[in-house]
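Hello,

Here is the structure I promised to pass on to you. Have a look at it first, and then read on for what turned up in it.

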Amino acid sequence: MFMPTRREDPADAEIASHKLLIRAGFIRQIARGVYTLLPLGLRSVKKIETIVREEMDAAGAQELLMPAIQPAELWKETNRWNEYGAELMRFQDRKQSDFCLGPTHEEVITEILRNDVTSYKQLPINLYQIQSKFRDEIRPRFGLMRGREFIMKDAYSFDVDVESATKSYKIMYAAYEKIFDRFGFDYRAVEADSGNIGGSQSHEFQVLAETGEDEIVSCKGCDYAANVEKAAIRVSQEEMDASIKFLEMSEVETPKKKTIDEVSAFLERDATDFVKTLIYVAGDQFVAVLVRGDHNANELKLRSLLKESGLDVTEFRMANDVEVGKMTKAPVGFAGPVNLQMPIYADLSVACMKNFVVGANKKDTHLTQVNHGRDFEVSKFVDLREAKAGDECGKCGGEFESFRGIEVGHIFYLGTKYSEAMKATVQDQNGKSCALEMGCYGIGITRILAAVAEQNHDDKGIMWPSAIAPFQVMVQPLQMKSDEVIAESERVYSALKAAGVDVLIDDRDKGAGAKFKDFELIGIPLRVTIGARGLKEGMIEYKKRSGGDLEMIPVGDIVERVISDLKVAVN
Ligand code: ATP
Ligand code: MG
């Protein structure tokens with residue numbers, strides 16, 4: 001068995017699952033965000049795939065396998081050759097034709113369907129594949145969590161009308177719940193933004209974990225839960241308090257105080273008295289966004305606002321330090337709306353603020369007692385911020401609480417975005433030609449391996465649920481020189497194997513300490529430890545990785561006990 005375990009944490013790993021998957025010999029990095037699955041890692045990934053396949057098949061989807069290599073022509077039909085940006089891994093063949101390595105397969109699957117499906121009678125169809133995907137992520141990190149090459153299950157549904165497509169979406173939603181239940185995840189399904197895939201409805205399946213990259217809010221009063229990017233906040237349209245007088249604007253020195261925390265401590269004013277000015281680039285245009293000092297701007301809400309206002313958002317990003325310096329004539333940290341030469345959009349919560357603090361567009365300086373309408377003009381007040389704990393739920397007005405999550409699955413109702421662009425039509429019941437209604441459904445197979453490790457570990461190593469563990473049982477002979485120990489270990493090993501149990505025998509010539517450490521690090525659910533002393537009394541040591549007592553089991557009962565604990569059907 002090639003299971004190269006390590007005692008030391010890798011220097012570049014920040015989170016437990018990344019450290020442990022390397023140390024336990026599941027994965028090795030070959031380039032930034034590009035990993036080999038070692039034998040242990042591959043075994044677990046195959047088990048994850050099997051569970052996903054079983055539930056997809058049960059939900060009526062059919063497996064196929066599309067190529068990873070995709071011609072640019074297809075992506076040009078939907079304009080995503082331009083829109084997808086630098087994440088798309090592009091290359092040319094020897095004839096200088098453009099291709100990409102698929103980050104997702106909407107175009108390819110639509111091409112397949114438009115050629116062979118012509119009538120509503122052939123629908124609904126749901127096709128899926130499990131395959132490597134390629135995305136040149138800006139920040140590949142956390143091991144398998146955010147790779148540049150990773151394994152995904154992607155499914156695509158095709159229906160003749162909205163009603164039937166909505167049903168397909170619901171069937172996938174239910175299948176996802178079954179899948180994530182089988183992994184034993186503590187997770188939430190939340191409303192999500194559809195990002196650059198497009199479409200009208202979408203849900204993410206978020207595994208709850210402190211180290212998750214996503215933040216989600218859920219309402220204490222109703223069943224609404226959403227990614228903070230998407231969450232609708234109820235903003236009570238407060239009037240400005242007329243009893244508060246406009247004070248005279250004044251300049252204050254704030255040497256080297258750049259962040260809201262630093263300036264608010266220095267001026268002894270609450271963060272809620274501040275207005276942050278953030279500068280973005282959309283195409284060739286600069287825009288400023290104002291949010292209250294304790295709030296965060298929501299780039300997705302901003303991006304769609306700018307798109308609606310007719311700006312080119314193909315390139316949309318925060319301005320860099322040089323650009324901020326040029327536009328504000330001050331170093332980063334001192335931007336403010338007064339005399340700023342660009343359109344200014346402000347979050348709704350800024351509308352009722354009076355006499356607030358902003359950057360002065362001057363080094364080491366802020367302005368106090370600033371008021372919009374008097375000192376500067378706002379182009380538009382809109383909901384531009386991220387939801388956070390304590391906000392009012394957009395659905396019922398209840399209070400939001402927040403969690404961090406790892407997105408393991410994402411489903412989208414696409415509508416006709418791709419079928420219209422690519423002219424994928426069928427004849428409906430009335431003989432009329434109509435564009436296919438589509439949905440797409442992703443699951444991050446390799447990300448799940450990391451997410452399970454993130455949710456199931458202790459300071460000694462991983463604790464795999466037996467459905468995903470690379471092996472379910474480890475048989476540990478303690479004295480490799482004792483014929484009796486070896487013989488009994490091999491008997492137990494063979495009996496378990498014959499019963500269909502995934503069993504590994506640690507017959508390395510190593511001490512008990514090293515064997516226990518590896519067992520704990522790798523995270524195999526059960527160990528059967530056979531030692532000379534126990535055998536004298538006809539007993540074998542038995543222990544669960546997840547805890548519980550060390551038990552002494554009679555030699556004749558051990559196989560049955562393991563099998564009943566694993567609930568493996570003996571055939
Ligand atoms: P994220 O917001 O994390 O970048 P995404 O919205 O881009 O995810 P989708 O396009 O919906 O992801 O992909 C489907 C699934 O594939 C995701 O839910 C996630 O589990 C997985 N996935 C996406 N990007 C990566 C990646 N870089 N590495 C590993 N898994 C990924
Ligand atoms: Mg992404």
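In this predicted model, an N or O atom in the side chain of Glu137 sits 2.8 Å from a nitrogen atom of ligand 1. Arg135 has a polar side-chain atom 2.9 Å from an oxygen atom of ligand 1, while Gly147 uses a backbone N or O atom, which lies 2.8 Å from a nitrogen atom of the ligand. On its own, ligand 1 has 580 Å² of accessible area, and the protein covers 86% of it.

Now for the overall layout. The chain is divided into three parts: domain 1 (16–233 + 401–453), domain 2 (250–382) and domain 3 (471–570). Between the C-alpha centres of domain 2 and domain 3 there are 64 Å.

Next, the interior. In soluble globular proteins, nonpolar side chains tend to be buried together. Here the largest nonpolar core has 61 residues, and Leu21, Phe180, Phe183, Phe185, Ile448 and Trp464 have the most contacts inside it. Helix 11 (residues 445–455) gives the most to this core, namely seven residues. Domain 1 and domain 3 each contribute at least three residues to this core. Apart from it lies another core of 28 residues, including Trp75, Val117, Met422 and Cys434.

Beyond its neighbours within four places in sequence, Leu21 is in contact with Phe26, Ile27, Leu144, Leu449, Ala450, Ile462 and Trp464.

One last stop is Arg234, in the loop between strand 12 (225–227) and strand 13 (250–253). Leaving aside neighbours within four places in sequence, Arg234 is in contact with Glu392, Cys393, Gly394, Lys395, Cys396 and Gly397. Its side chain reaches the backbone oxygen of Lys395 at 3.5 Å. Gly336 is 102 residues from Arg234 along the chain, and their C-alpha atoms are separated by 27 Å.

Enjoy exploring it!

Best wishes

Methods
Residues are numbered from 1 along each chain as its sequence is written. Chains are lettered from A and ligands numbered from 1 in the order in which they are written. This is a predicted model: local features need pLDDT of at least 70, side-chain atom pairs count only at pLDDT 80 or more; totals for chains, interfaces and linings use all residues. Side-chain values use heavy atoms; hydrogens and water are left out. Domain bounds come from an automatic or database domain assignment. A nonpolar core is a set of buried Ala, Val, Leu, Ile, Met, Phe, Trp, Tyr and Cys residues joined through side-chain atoms within 4.5 Å. Buried means under 20% relative accessible area, exposed over 50%, partly exposed in between (1.4 Å probe, protein chains only). Helices (H or I, at least four residues) and strands (E, at least two) are DSSP runs, numbered from the N terminus. Contact means heavy atoms within 4.5 Å. A polar contact is a pair of N or O atoms within 3.5 Å; within protein, one must be able to donate a hydrogen and the other to accept it, and residues adjacent in sequence count only if both atoms are side-chain atoms. Accessible areas come from the Shrake-Rupley method with a 1.4 Å probe; for residues, only the protein chains shown count as cover.
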